[in-house]
Amino acid sequence: MLKRETGKNKAAPMKKEKEGFLIQLNWVLFLLGLWQIAHTLEWVSPLLLPGPAQVLETLGDSLVRGDLAYQIGYSLTIIITGILAATALGILMALASQHSKILEGLVKVLSVMGHPLPALALLPLIIIWFGTGDLSILVIIIHSALWPILINLRAGFQEVPAIYLDVGKNLELSPISIAMEIKMKFALPYLLSGIRIAFARSWRALIGAEMVFGAIGLKGGIGWYIFKQRTFMNTPGLFAGILVVILLGFMMETLLFNWIERKTIGKWNPKKG
Amino acid sequence: MDINISNAIVEYESGGDTRRVLNGLNLKVKSGEFVSILGPSGCGKTTLLKYIGGFLEGGRPSRQIFMIFQDFHQLFPWRTLGDNIAYAIQKSSGKSRAEARKQAESVLKEVGLEDYYDYYPHQLSGGMKQRGALARALAVESRVLLMDEPFSSLDPESREAAQRLLLKIWKERGLTVIFVTHDPQEAAFLSDKILYFKDLNGEVQV
């Protein structure tokens with residue numbers, strides 16, 4: 001009986017979600033249509049505004065014959081590496097700030113300084129310190145990702161209800177067990193939304209940095225792909241690159257993170273499921 | 001396990017005001033007794049339980065004396081009911097996962113929740129959650145239960161079921177129970193001895 005009840009509660013929002021999705025899909029189709037019309041009627045010079053078909057063709061061509069697939073792989077690999085490193089670092093710093101007042105002070109000072117500082121403002125310094133290789137890009141991603149992760153996780157730790165901590169003490173859990181079993185698990189939803197914000201921030205920083213740095217690695221990333229198209233006045237290529245950035249960003253932010261949330265906190269937190 | 005409290009003093013400070021909640025309180029509860037503590041709300045009943053349990057500053061709670069709170073949300077929401085209990089067993093006895101699971105199943109049977117091992121707390125009713133919390137205390141083999149109005153937010157039917165269950169377990173296991181309530185009927189139904197808290201000074205009448 002209980003199971004059916006939870007099922008019933010879930011059914012209504014899902015129907016609404018589907019309706020919302022259809023509306024949004026229609027808008028996407030409408031905008032695509034408008035784009036096609038603007039192109040066909042030449043509201044703007046075709047040189048500046050290529051048609052959707054042309055963009056898709058260029059996109060396919062770049063994927064199959066060009067370096068775009070490699071460049072997407074490069075950008076994704078480096079952003080995932082950076083976010084994993086930032087997550088590990090953020091967890092360590094948040095736990096350290098729980099451990100002692102002195103460390104908490106340090107973490108607070110660092111977050112206040114680091115959080116409002118856009119990675120691009122650090123770019124020249126990073127180039128002087130680390131050159132223009134993978135390491136610099138990683139530093140930029142970690143800087144963009146670390147602060148939102150750290151700040152969210154710390155907010156989660158603050159919100160741990162006293163009753164769970166009391167139960168933990170009553171079970172005679174060690175401080176490490178209390179941190180891992182109670183604080184970390186309670187704060188997991190906060191951590192995940194921190195990583196979500198971290199992804200959005202570092203994705204923007206990554207594309208920007210790739211343009212400034214030029215071809216890092218063998219053939220550079222997506223940012224470099226877009227930048228290169230301008231040099232050749234290849235507007236379909238430019239649009240193709242922008243499309244890739246939108247699609248990848250959407251896939252990571254919406255599909256991947258929703259999936260992770262469903263698989264973890266969705267099970268015990270019906271509001272997130 | 002006997003509980004002996006002598007000259008307990010607890011003060012809270014708020015905005016420069018010092019409020020003395022327990023004022024030199026003496027309390028003796030013999031092993032195996034079921035004592036209810038009755039009194040108007042805000043008279044320090046919860047503080048007394050927290051004092052006994054070692055939850056106040058300077059205290060150290062132990063598994064021997066387990067607190068069951070009024071709040072339904074005391075099971076960890078990220079673990080299933082069974083896992084909540086198995087985790088407590090693993091941490092308290094160092095048993096293997098499989099052994100802990102087996103023991104958790106038998107404790108759940110004792111409180112009548114054997115069919116709900118894999119349910120998350122949010123899928124359970126208030127009464128079930130409180131029975132789950134009780135099961136966790138049994139699982140770590142506590143000798144003393146401190147119960148802070150654990151059934152006061154339940155509907156009458158589940159409250160009565162929970163009371164009967166508690167009495168049965170108390171007798172079978174020979175536990176010591178200190179039960180806080182504001183309901184004289186509940187206190188009379190459950191306990192050998194009723195302590196009445198008159199006012200904020202923590203004066204006790206038997």
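Helices here are DSSP runs of H or I with at least four residues, strands are runs of E with at least two, and both are numbered from the N terminus. Packing is read from contacts, meaning C-beta atoms, placed from the backbone, that lie within 7 Å.

This is a predicted model: local features need pLDDT of at least 70, side-chain atom pairs count only at pLDDT 80 or more, and totals for chains, interfaces and linings use all residues. Residues are numbered from 1 along each chain as its sequence is written, while chains are lettered from A and ligands numbered from 1 in the order in which they are written.

**Along helix 3 of chain B**

Color A100(B), A104(B), V107(B) and L108(B); these are the buried residues of the helix. Buried means 20 or more other C-beta atoms within 10 Å of the residue's own, exposed means 12 or fewer, and partly exposed lies in between, with C-beta atoms placed from the backbone. An α-helix has 3.6 residues a turn, so residues three or four places apart point the same way.

Now turn to the other side of helix 3 of chain B. There A98(B), S106(B) and K109(B) are exposed. Step just past the helix to G112(B), which takes a positive phi of about 75°.

**Where chain B meets chain A**

Show both chains. Here 20 residues of chain B are in contact with 17 residues of chain A. On the chain B side, strand 4 (65–68) and helix 2 are the elements that give two or more residues. Helix 2 of chain B gives the largest share, 3 residues.

**Into chain A**

Chain A has 12 helices and 0 strands. Of its 273 residues, 33% count as buried. The C-alpha atoms of chain A fill a box of roughly 70 × 60 × 30 Å, taken along the principal axes.

Finish with helix 3 (residues 68–99) and helix 9 (residues 188–213) of chain A. Their axes come within 10 Å and cross at roughly 135°. For the contact itself, select residues including G82(A) and A86(A) of helix 3 and A198(A) and W203(A) of helix 9.

Definitions and conventions
Axes fitted to C-alpha atoms, helices over the stretch in contact; angles between N-to-C directions. Contact = placed C-beta atoms within 7 Å.
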